[in-house]
Amino acid sequence: MNIYLPIAEMSVNAALLLGLGGAVGFLSGLFGVGGGFLLTPLLIFLGVPTSVAVGTGSMQILASSVSGAMAQYRRNNVDVKMGMVLVAGGVVGSFIGVSLMRILRQMGQFELFVSLCYVTFLGAVGALMLIESVGSIQRQRSGQPVPTRQTGQHSWVHGLPFKMRFHRSKLYISAVPPAMIGAFVGFMAAIMGVGGGFVMVPAMIYLLRVPTSVVIGTSLFQIVFVMAVTTLLQAIENKSVDVVLALILIVGGVVGAQFGAAAGGKLKGEQLRFMLAALVLLVCLRIAWDLMVTPAEIFSIGPLIGGTL
Amino acid sequence: MMRSAIIAVMCLCMALNAARSSAQEAEATPPPNLPPPTVVTPPLPPMETVEADISTRSLEVTTGFTGHEIVVFGAIDNSQAPKDDAGSYYDVVVVVEGTPFPIVARRKSEVAGVWMNTWSITFNSVPSYYAIASSKPIEEIAGPAVLERHAIGFRHIKMMPAGNSGVGLKDSQLAAFRSAVIRLKHRQDLYVLEPEGVDFVGRSLFRSTIALPANIPVGPLVARTYLFRDGEVVSAHIARVTLHRAGIERLVHNFAFVYPASYGLIAVIIAVLSGLLASMLFRRKTA
């Protein structure tokens, strides 16, 4: 059954979209990640305009993170004060990202910029995860104890002004680093159509030394609010949120995530991280390949957006 | 007697020319009927005219829209063709054109190992859709000058670079952009060529089926029908069909573009509610 998407202005097979949402939902349930980094490129491969894929992606991520964030909040796993700082930064970053997106679209460089962002971040995060998971699998095989993270270490982060007390995280640190991290994630979210958890979680653990128990909940808290703002801004600035497309993806994603979570319970953490790293690197290589290989068609056409630059 | 005969022939010739040129220049107005000749010397058959219509006047683009086929049909009045063989005597060309829009064409080149857009040109008005159906390939029907005058055929689509866009480009580069636009539109099924797409029925009727793809931009479509004889346009006719959004499709699209802030807010609410609903449904199932 084909369905005409009102904003993407194309006719797509609804079953294919449901399947796509389901598959991405399965993987995100399996690995415990948002899945935006898979969904947005897949939508672009499918022929959805890059801007609509990114804008609609933020709406889908909002829907898939809201229930998780609620559950974490109920279990008291959210550092609300830290979350607020992250959100404040995120909103600024998102605003910059959405505005930059409009300018880049006018210049005809948006697709390139998105691809470069994907290659950079997926490449870096994928490589780090791969090294880490291979290392811990090897350590387990050789019977060595897995080293645990040491708390209470001081780094350059602790020398900055505007110190705030984050009770839930048991931290007394400057508000600048969390705001910067939030802003960076908000910017990425707007440009790449991702939640940004894969950058925010490691940054909070390694840079801010937030206890692991509150990291997931607090990052979900940030993602929900920043994604809500991003969806709103994308709708206003770029008119690139397709509600019909998002709803189909949400339905598929919700069902897929249930199966994914069930399947994920049967696998070991290191194995999951290794598979996720491989998947991230595959997506990265695919996008890099498209950038570097001589295109079959060097010309492209598009609508004129708000005057030429 | 001799003088009046010459005058009569001259009058006839002028009237004929006027009728032909008016048919060629302004397709919007049907060619005026020939004024009755003052002197009835050698009886000339009346001029052929063409009349055409489209199978539908308006088409709705709903969420279920997967494209549509329209039929442009018509008749040649005063056909002088022998019975059942209008095709040997006349040629009919049907051009269906969408609203012109400005578009940007871009060209990639390799910069530091990465392919990126480096050249761009803005065309002021490019038909969003352009289908051409003819009773035989248009090159065999008329010469390039005639085709150019009526914008018949991909090569003769009116497409001008905007203002200062394309300054510094050579003619050959401009031509490459032009043909790229047509090639890409053709690949998207938005520019359609049916060299044998017009069928004659009997000595005066013809029909042509034209496929509108699912990705056709909404708006009015103009169907121009040309009647050719001996490589010249003898008559032309215009019919219209309008594609407009309808149903949920229309509601969503209009809402998104007219009230973007409210639309965004509702998108956020929908996302939050569907996320919460989903978690409720599955918790009940697993609990």
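A word on conventions. The model is predicted, with local features needing pLDDT of at least 70 and side-chain atom pairs counting only at pLDDT 80 or more, while totals for chains, interfaces and linings use all residues. Residues are numbered from 1 along each chain as its sequence is written, chains are lettered from A and ligands numbered from 1 in the order in which they are written, and side-chain values use heavy atoms, with hydrogens and water left out.

Let me start with chain A. Its secondary structure comprises 10 helices and 5 strands, where helices (H or I, at least four residues) and strands (E, at least two) are DSSP runs numbered from the N terminus. Of its 309 residues, 53% are buried; buried means under 20% relative accessible area, exposed means over 50%, and partly exposed lies in between, with a 1.4 Å probe and protein chains only. Chain A exposes about 13,400 Å², of which carbon and sulfur atoms supply 69%. These accessible areas come from the Shrake-Rupley method with a 1.4 Å probe, and for residues only the protein chains shown count as cover. Contact here means heavy atoms within 4.5 Å. Among the contacts of chain A between residues at least 6 apart in sequence, 77% join residues at least 24 apart.

Chain B has 6 helices and 12 strands. For contacts in chain B with a separation of 6 or more, residues 24 or more positions apart account for 70%.

I turn now to one region of chain A. Which residues does Ile137(A) contact, leaving aside its neighbours within four places in sequence? They are Glu270(A) and Phe274(A). Ile137(A) itself sits in helix H5, residues 110-141 of chain A.

By salt bridge I mean a side-chain nitrogen of Lys or Arg within 4 Å of a carboxyl oxygen of Asp or Glu. Side chains of opposite charge can pair when their charged atoms come close. Glu132(A) forms such a bridge with Arg273(A), and their closest N and O atoms are 2.9 Å apart. Because Glu132(A) lies in helix H5 and Arg273(A) in helix H10 (residues 269-292), the pair ties together parts of chain A that are 141 residues apart in sequence. Glu132(A) is partly exposed, at 33% relative accessible area, and Arg273(A) is likewise partly exposed, at 32%.

Over all chains, the structure holds 11 salt bridges. One of them lies within chain B, where Arg57(B) pairs with Asp53(B) at 2.5 Å between the closest N and O atoms. Arg57(B) is exposed, with a relative accessible area of 54%, whereas Asp53(B) is partly exposed at 22%.

How many salt bridges are there between chain B and chain A? The count is 3. In one, Arg187(B) meets Glu297(A), with the closest N and O atoms 3.2 Å apart. This pair runs from helix H4 (residues 171-187) of chain B to the loop between H10 and strand E5 (299-303) of chain A. In another bridge, Glu9(A) and Arg245(B) meet at 2.5 Å, N to O.

Finally, the interface as a whole. It takes 53 residues from chain B and 50 residues from chain A. The chains bury about 4,400 Å² between them, 69% of it on carbon and sulfur atoms; buried area is the accessible area (1.4 Å probe) that two parts lose on being put together, summed over both. Arg106(B), Trp115(B) and Phe282(B) supply 15% of the area that chain B buries against chain A, more than any other three residues.

Thank you; I welcome questions.
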